[in-house]
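Please look through the fold below before reading on. The paragraphs that follow start with the sheet and then move to the helices.

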Amino acid sequence: MIGPGRPLFVLFGSSIVQFSYSNEGWGAILAHAYARKADIILRGYAGWNSKRALEVLDKVFPKDAAVQPSLVIVYFGGNDSTEPHPSGLGPHVPLPEYVENMKKIAMHLKGLSENTHVMFLSTPPVNEEQMPESIRKCGRTNEGCRIYSEACLKLCQEVDIKCIDLWTAIQQRDDWKTVCFTDGIHLSSEGSKLVGEEILKALAEEPSLCWRSLPTEFDEDSVSDPVGEEGKNINISNL
């Protein structure tokens with residue numbers, strides 16, 4: 001912890017999270033919106049599934065931590081939804097196991113503190129035509145993503161957690177296949193812009209998390225503020 005305590009927002013997930021600061025990503029969008037208001041912490045692990053996330057959950061989110069996050073945004077599902085490999089290896093997680101894993105993650109995070117809010121992102125769609133051959137061979141399909149997305153949404157309703165339906169939201173754009181991805185799977189700047197808007201819209205419904213309602217750190221007037229045309233200081237803390 002550096003300086004006064006700001007709320008902590010943790011982004012926890014696979015590559016959609018790990019890469020969320022690149023290509024004008026949605027993580028960067030959140031960091032910009034919450035500048036001087038909350039600290040956005042990235043815990044993204046490319047290639048991971050819900051099973052692997054569950055294995056490190058206590059290490060990433062220890063229940064005895066001195067400071068617990070105000071918000072955790074979670075995304076796992078795309079890798080889980082890939083078709084099973086004949087060897088039994090690989091990221092595929094059967095749907096019932098995926099749901100159970102995500103439920104355990106949800107319950108753990110909800111139990112961190114009474115002030116910890118949890119938000120899940122459902123599995124986004126993919127553009128199979130855009131995927132490189134190496135990715136296509138892994139068996140990632142848009143239909144598989146739909147199934148895991150719907151399972152995530154259903155689970156969140158059952159455990160009372162906010163879930164952003166990315167599979168539906170992204171496909172609301174007529175041109176989603178051509179503008180939302182860099183490789184058919186990972187988000188482009190346009191795709192991330194859409195995800196960021198959906199997250200900010202959801203956070204606006206919770207006063208304790210909305211960027212407009214959170215205090216700005218060190219926003220007091222100062223004689224060191226820029227001087228305007230009238231010869232008076234201009235406080236630019238909330239620009």
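**The sheet and its helices**

Five strands form an open sheet in the order β2-β1-β3-β4-β5, with parallel pairing. Its edge strands are β2 (39-44) and β5, each of which pairs on one side only. On average, and ignoring direction, neighbouring strands of this sheet are turned by 20 degrees against each other. Helices (H or I, at least four residues) and strands (E, at least two) are DSSP runs, numbered from the N terminus. Two strands pair if DSSP finds at least two bridges between them. In general, strands of a sheet pair through backbone hydrogen bonds, either parallel or antiparallel.

The model is predicted: local features need pLDDT of at least 70 and side-chain atom pairs count only at pLDDT 80 or more, while totals for chains, interfaces and linings use all residues. Residues are numbered from 1 along each chain as its sequence is written, and side-chain values use heavy atoms, with hydrogens and water left out.

Leu121 has Ile164 in β5 as its bridge partner. Two helices lie across this part of the sheet. Helix α4 lies across β3 (71-75) and β4, running at about 155 degrees to β4. Helix α9 lies across β3, β4 and β5, and runs at about 150 degrees to β4. Axes here are lines fitted to C-alpha atoms, for helices over the stretch in contact, and angles run from 0 to 180 degrees between N-to-C directions. Contact means heavy atoms within 4.5 Å.

Helix α4 also packs against other helices. The axes of α3 (residues 50-60) and α4 (residues 95-110) come within 9 Å and cross at roughly 25 degrees. That makes α3 roughly parallel to α4; angles under 35 degrees count as roughly parallel, over 145 as roughly antiparallel, 65 to 115 as roughly perpendicular and the rest as oblique. The crossing of α3 and α4 is left-handed: the near helix is turned anticlockwise from the far one by less than a right angle, whereas clockwise would be right-handed. Residues in this contact include Leu54 and Leu57 of α3 and Ile105 and Leu109 of α4. By class, the contact of α3 with α4 has seven nonpolar, three polar and four charged residues. Ala, Val, Leu, Ile, Met, Phe, Trp, Tyr, Cys and Pro count as nonpolar, Asp, Glu, Lys and Arg as charged, and the others, Gly among them, as polar.

With α6, helix α4 packs at an angle of about 40 degrees, the axes being 10 Å apart. The two helices are therefore oblique to each other. Their crossing is right-handed. Among the residues in the contact are Val99 and Met102 of α4 and Ala151 and Leu155 of α6. By class, the contact of α4 with α6 has twelve nonpolar, no polar and two charged residues.

In helix α9 (residues 189-203) lies Leu200. Not counting residues up to four places away in sequence, Leu200 touches Ile29, Leu30, Ala33, Tyr34 and Trp211.

Two loop residues deserve a look. Glu24, in the loop between α1 (15-18) and α2 (26-33), has a positive phi of about 55 degrees although it is not a glycine. Asp160, in the loop between α6 (142-159) and β5 (162-164), also is not a glycine and has a positive phi, near 60 degrees. Glu24 is exposed, with a relative accessible area of 61%, and Asp160 is exposed at 67%. Buried means under 20% relative accessible area, exposed over 50%, and partly exposed in between (1.4 Å probe, protein chains only).
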